[in-house]
Amino acid sequence: MIVLRDGRLVLPGGVRRGDLHVRDGRIAANGPPATTPHATETPRTAETPRTAETPGADEIDLGGRYVVPGFVDMHVHGGAGASYQSGSDEDARRVAGFHLAAGTTTTIASLVTGTGRELADAVAALAGPAADGLIAGIHLEGPYLARERCGAHDPALLRPPDIAEFRHLAGLGRGHVRMITLAPELPGALELVRAAADAGVIAAVGHTEAPGAVARAAFDAGARVATHLFNAMRPLHHREGGPVAAALNDPRVTVEIVNDGVHVEPGVVALAFRAAGPGRVALITDAMAATGMGDGDYRLGVMDVRVRDGRATLAGGSSIAGSTITMADAFRHAVTGVGVPIAQAAEAAALTPARALGIDSRVGSLEPGKDADLLVLDDDLAVARVMKRGRWL
Ligand SMILES: [Zn+2]
């Protein structure tokens, strides 16, 4: 048993000062401080653990520091100099380990557009780390994307939706392909959205030039996520709302936001939070290999990427090529740069993506019964300590 005393617990409904009890890798209770003399609220379990009654309990006094759920990042390509795209087990461990140390306790491995062979090899290789629980699944970002909105994807490798290829990749992933981003205006895209839904894979609308009506048709066909809203999609126009309005207006849809202060301006992030309402914005990093490495020259799939002043762009161009932030940066920027209340920012960094991925019964909030994936923050909201399944890193 581990007892975290006197923290500011960031819960789905708001911040509550109290104790958090961890047992067997799970959250056992969150309640008011045991030392509060006139507490009227009781913990959410029958027991009221006290050190005297729980010999061997490991007690830590947090002195009012914030405790937030471990972050859930549904869109990550790399970090610490490595990429999931390589398909190497060692690289997957390096990327996931780097983001875990920074506070991301649940991560999806995103693959950019590649040849059929390259994607097949990467998906087959990542099924292992996914089965081991190192990553929570695989996200195919492409290859069925719009040429006009290809961003950092190699336009020569983009192709129309191919259901047979998709099913082949999903099969190689042994149930661990969790999401596929596609442009719904391409021929056969809506059939692929339905095939994905049938296979238990979340279809996401992104890298798209679709008008609003086509994006809405994709959501009606079963697509449930908008991939990095605003980026690599037809922009919002007052006479043609495009995928942005279609996604924000649809309560079934979770919208991803790359919250690095570069991809989307803070005022527009604030607007998206307001327009979408509670529980619908998922902060993502879209982090690439350079994350945690500093400026230099890197690769994203087959594309050369240049990082200067932390900003990743395609070599020889101005297209933004993923970010170099961790989810901890995205979370802190939501609070300090955008002005999102801390409980809402934590929801966007953990519970909302967990819900979109269908794993919110296990992770995403500090509620009893869930995995004890949690972070203790410093006064400046930086991550001070990381716990995954009841173990401190
Ligand atoms: Zn991406």
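The site of the zinc ion is irregular, with angles of 84 to 169 degrees among its four donor atoms. For four tetrahedral donors, the ideal angle is 109.5 degrees. The model is predicted: local features need pLDDT of at least 70, side-chain atom pairs count only at pLDDT 80 or more, and totals for chains, interfaces and linings use all residues. Residues are numbered from 1 along each chain as its sequence is written, and side-chain values use heavy atoms, without hydrogens and water.

The protein donors are His75 (NE2), His77 (NE2), Glu141 (OE) and Asp286 (OD). They lie 2.0 to 2.3 Å from the zinc ion. Donors are N, O and S atoms within 2.8 Å of the metal (3.2 Å for Na, K and Ca); water is not among the atoms, so sites may look incomplete. Along the chain, the donors follow the spacing H-x1-H-x63-E-x144-D. His75 lies in the loop between β6 (71-73) and β7 (78-79), and Asp286 in the loop between β16 (281-284) and β17 (296-300), so the pair ties together parts that are 211 residues apart in sequence. Strands are DSSP runs of E with at least two residues; helices are runs of H or I with at least four. Both His75 and Asp286 are buried (under 20% relative accessible area, 1.4 Å probe, protein chains only).

The whole structure holds three cavities of 30 Å³ or more. A cavity is a set of points on a 1 Å grid where a 1.4 Å probe fits but cannot get out; lining residues have an atom within 4 Å of a point. The largest cavity has a volume of about 60 Å³. Its lining includes Val10, Leu11, Pro12 and Pro69. α9 (342-357) and β1 (2-11) each supply at least two lining residues, and α9 gives the most, with four. By class, seven residues are nonpolar, two polar and one charged. Domain 1 (2-68 + 367-392) and domain 2 (71-357) both give residues to this lining, so the largest cavity lies between them.

The second largest cavity holds about 40 Å³ of space. Among its lining residues are Phe273, Arg280, Glu347 and Thr352. Here too, α9 provides the largest share, four residues. The lining has four nonpolar, four polar and two charged residues.

Definitions and conventions
Tetrahedral: all angles 85-135°; square planar, octahedral: opposite > 155°, others 65-115°. Buried < 20%, exposed > 50% of the residue type's maximum accessible area, 1.4 Å probe, protein only. 1 Å grid on protein atoms, 1.4 Å probe; cavity = no way out; pocket = protein on both sides within 12 Å on 5 of 7 lines; lining within 4 Å. Points joined across faces, edges and corners; volume = space filled by probe spheres on them. Nonpolar A, V, L, I, M, F, W, Y, C, P; charged D, E, K, R; others polar. Domains from an automatic or database assignment.
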